[in-house]
Amino acid sequence: MSSVVDAARARKARRIPVHRTLPRFVKDPFSVLKDVGREADGEIVRLDLGVFRPYLLTHPDHVQHVLRTNSDNYTRGGRFWRPLRGLFGDGILGEGASWEWSRRILQPVFTAKYVESLMDRIAVAVEDAVDDLARVATAGETVDAAQEMSRIVSRTAVDVLFAGRISAVDAKRVVDAVDTIGTSVVLRMSLGITSMTVPLPGDRAFRQAVRTVDEVMTPLVRQARSQPDDGDDIISLLSRAHGPDGRELTERQVRDDLVSMFVTANETTSVMMTWLFPVLQAHPRIAVRVYDEVDRVVGGGPIRGAHVGGLRYTQAVLDELLRLYPAAWVFPRHVLRTDVIDGVRIRGGSTVLVTPLVTHRLERFWERPEDFEPERFLAERHARLHRYAYFPFGGGPHQCIGKYFFLVKALMIVASVLRRFRPRLLSTTIPEPVVAASFRPGPGIAMTLTPVQRRLAA
Ligand code: HEM
């Protein structure tokens with residue numbers, strides 16, 4: 001698809017002058033991207049945001065080219081990633097040799113086979129975390145869906161991946177700090193202003209939040225490095241790992257990967273799980289099918305690893321949720337060398353954006369793209385879909401390392417909550433997303449949880 005020889009003759013991408021609507025883009029990039037994407041219908045376009053002019057690539061062939069086929073030329077560097085380096089450093093969320101080494105160290109705990117061996121441990125951790133909802137449910141009190149999902153998701157991640165080494169209070173401090181980071185960097189990212197010498201609102205909150213993350217994580221890293229053990233949790237794994245030079249990883253390297261793993265393990269999953277509740281409320285027919293499946297497969301007892309395979313429809317609901325509400329909604333890449341994609345010149349030094357938010361809604365790949373229809377993931381036609389028409393977990397060398405862990409854990413959380421409770425939201429509308437690094441629903445999703453009454457078998 002690309003050739004250096006062709007670059008001179010290649011045509012320029014059509015420009016879309018978004019700068020006239022820049023305030024709207026900063027406030028609501030989702031609808032601007034969706035509108036532009038609908039109009040472009042798979043064609044490569046260039047968004048003119050004034051100082052910043054990223055290419056928008058939405059056709060699955062083009063997404064595949066960037067994320068996989070020619071991924072060496074499209075790196076996680078440049079203006080979008082620079083502000084996040086202060087938090088994540090240069091490990092598993094970086095690029096090049098240091099990323100590759102981190103991936104090699106962490107990969108063994110995330111293979112499908114290894115996650116399968118963890119299933120019963122995940123199930124116990126999920127059940128324990130969901131137990132805490134029983135009191136408020138019986139008392140008829142309202143809970144905040146986002147807060148509860150975040151608590152359940154982070155507690156299970158801490159129990160299973162971090163061997164319980166982070167207290168609930170510290171986990172909450174980090175989750176809240178990451179929340180602040182996710183919202184405070186967005187203005188800088190959407191304006192494409194990465195030089196920290198240009199002060200912007202949110203900078204101070206960002207710096208304070210990074211300090212909070214370090215206050216929690218650094219003592220853990222020091223303690224684990226001073227007494228390395230043979231545990232299979234991420235902290236042990238990183239503490240006894242060696243770099244390509246045969247030396248132990250430095251404190252900074254362990255810290256960077258630990259923070260990256262904590263953030264990625266929690267943020268996307270809890271955000272995505274939160275959308276489930278308003279979506280089920282808005283689609284009662286689908287909700288009933290999920291309740292029936294959970295009742296049939298899990299029944300009244302605790303969730304176990306063996307149940308996961310039977311929750312086929314619930315899985316399709318999660319797949320569809322990730323289609324319309326992709327927690328990781330934009331993957332920016334820095335273009336190293338000028339390239340040609342489908343006859344369009346992509347300049348070296350520029351930024352390309354690929355976003356499932358648009359590709360997952362392209363009419364020529366999806367029937368009724370705006371409708372929530374889990375059945376599309378059960379049908380055979382899904383198997384015939386272009387691999388990059390649906391990519392909530394990315395693709396190519398940076399494909400999400402936690403995908404299997406997520407799939408198992410998310411199914412278990414849904415099943416564990418719904419086998420015990422019927423959620424009812426105070427509002428009947430699906431919330432609008434708020435602008436943040438992940439695709440989050442607006443705040444305040446209040447719901448009650450009615451305990452499920454089961455008749456005892458005669
Ligand atoms: C709804 C759940 C999740 C979604 C939608 C999601 C999505 C993604 C996406 C799109 C990427 C690729 C980023 C890129 O190309 O720049 C990614 C990478 C990554 N994800 Fe996830 N993720 C989820 C859950 C998880 C979980 C549970 C973990 C860990 C336990 C995790 C760990 C990671 C890591 C470490 C990377 C970086 C991989 C690399 O660059 O080599 N993710 N994720």
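**Entry 1: the ligand shell.** I sorted the residues of the shell around the ligand and found 17 nonpolar, six polar and three charged. I note that the model is a predicted one. In total, 26 residues surround the ligand, and R76, W99, R103, R333 and C400 are the closest.

**Entry 2: polar atoms at the ligand.** I looked up which residues place polar atoms by the ligand oxygens. A polar side-chain atom of W99 lies 2.7 Å from an oxygen atom of the ligand. For R333, an N or O atom of the side chain is 2.7 Å from a ligand oxygen. I92 takes part through its backbone, with a polar atom 3.4 Å from an oxygen of the ligand. I then listed the elements that give two or more residues to the shell: helix 5 (96–106), helix 13 (251–282), strand 6 (331–335) and helix 17. Helix 13 provides the largest share, five residues.

**Entry 3: helix 6.** I compared the length of helix 6 (residues 112–131) with expectation: at 1.5 Å a residue, its 20 residues should span 28 Å, and the end C-alpha atoms are 27 Å apart, which agrees. I also recorded a kink of about 50 degrees centred on L118. L118 is itself buried, as are M119 and I122, among others in helix 6. The cover over the buried residues of helix 6 includes helix 7 (134–139), helix 8, helix 17 (403–420) and strand 10 (421–425).

**Entry 4: helix 8.** I found 12 of the 17 residues of helix 8 buried, so this helix is largely enclosed by the rest of the structure. At its start, a side-chain oxygen of D144 comes within 3.1 Å of the backbone nitrogen of A146. Just after helix 8, A163 has a positive phi of about 50 degrees.

How values were computed: Residues are numbered from 1 along each chain as its sequence is written. This is a predicted model: local features need pLDDT of at least 70, side-chain atom pairs count only at pLDDT 80 or more; totals for chains, interfaces and linings use all residues. Side-chain values use heavy atoms; hydrogens and water are left out. Buried means under 20% relative accessible area, exposed over 50%, partly exposed in between (1.4 Å probe, protein chains only). Helices (H or I, at least four residues) and strands (E, at least two) are DSSP runs, numbered from the N terminus. A polar contact is a pair of N or O atoms within 3.5 Å; within protein, one must be able to donate a hydrogen and the other to accept it, and residues adjacent in sequence count only if both atoms are side-chain atoms. The expected span of a helix is 1.5 Å times one less than its number of residues. The bend at a residue is the angle between axes fitted to the seven residues ending there and the seven starting there. Contact means heavy atoms within 4.5 Å. A residue is near a molecule or strand if one of its heavy atoms lies within 4 Å of it. Ala, Val, Leu, Ile, Met, Phe, Trp, Tyr, Cys and Pro count as nonpolar, Asp, Glu, Lys and Arg as charged, and the others, Gly among them, as polar.
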